[in-house]
Amino acid sequence: MNPQELLETYSQNAQAFIKAAKATPTEKLTQSPPDGGWSPAFVIHHMADSEIQFGARFAKTLSEDNPNIVLFDEEKFPDGLHYDKRSVALSIASFEATHNMNFEILKNASADDWNRTSVHPEKGPVHLTSWVKSCGGHIGAHLEQLKSIS
């Protein structure tokens, strides 16, 4: 995929996620699925937090030479970031605002910017294109998850 296609997928998946999150009935937000997975509220909080993490990766990749990327353990976020006490409306707003900011930064990236790399401690060098592809896919996967449980 070229950068324009990556941005389209990233944006389309985010807009669809926002729409699905806003459409989730209030009474279903805290219901966990039978398999014991995350409730719709936890998925929404996770996406707000993940968009911030991906944004930091985009920013470091664009503004530093081969920066090291800090890993995060998404399984520790629900307890550590108090998903059970957070506002779903604020997490949707955060995801939407952070995504829009990230999208604006990325759409202004030059051809050379798209070839910039950062260093992942497990994967080694990662191009900006790979980060955007990964983020778009991550949103798409959680969109499907949200649709299946709400």
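## The largest pocket

The lining of the largest pocket has four nonpolar, four polar and three charged residues (Ala, Val, Leu, Ile, Met, Phe, Trp, Tyr, Cys and Pro count as nonpolar, Asp, Glu, Lys and Arg as charged, the others, Gly among them, as polar). The model is predicted: local features need pLDDT of at least 70, side-chain atom pairs count only at pLDDT 80 or more, and totals for chains, interfaces and linings use all residues. Residues are numbered from 1 along each chain as its sequence is written, and side-chain values use heavy atoms, without hydrogens and water.

Ser 50, Phe 54, Arg 57, Leu 71, Phe 72, Glu 74, His 120, Lys 123, Trp 131, Ser 134 and His 138 line this pocket. Helix 2 (40-63) and helix 5 (128-149) are the elements that give two or more residues to its lining. The volume of the largest pocket is about 180 Å³.

## Helix 2 against helix 5

Helix 2 and helix 5 also pack together, at an angle of about 175° and with axes 11 Å apart. They are therefore roughly antiparallel (over 145 degrees).

Which residues of helix 2 meet helix 5? They are Pro 40, Val 43, Ile 44, His 46, Met 47, Ser 50, Glu 51, Phe 54, Arg 57, Phe 58, Thr 61 and Leu 62. Their partners in helix 5 include Leu 128, Trp 131, Ser 134, His 138 and Ile 149 (contact: heavy atoms within 4.5 Å). The contact has 14 nonpolar, seven polar and two charged residues.

## The whole protein

The protein has five helices and two strands (DSSP runs: H or I, at least four residues, for helices; E, at least two, for strands). Along the sequence the pattern is α-α-α-α-β-β-α. Along the principal axes, the C-alpha atoms fill a box of roughly 50 × 30 × 25 Å.

Definitions and conventions. On a 1 Å grid over the protein atoms alone, a cavity is a set of points where a 1.4 Å probe fits but cannot get out, and a pocket is an open set with protein on both sides within 12 Å along at least five of seven lines; lining residues have an atom within 4 Å of a point. Grid points are joined across faces, edges and corners, and a volume is the space filled by probe spheres set on the points. Axes are lines fitted to C-alpha atoms, for helices over the stretch in contact, and angles run from 0 to 180 degrees between N-to-C directions. Angles under 35 degrees count as roughly parallel, over 145 as roughly antiparallel, 65 to 115 as roughly perpendicular and the rest as oblique.
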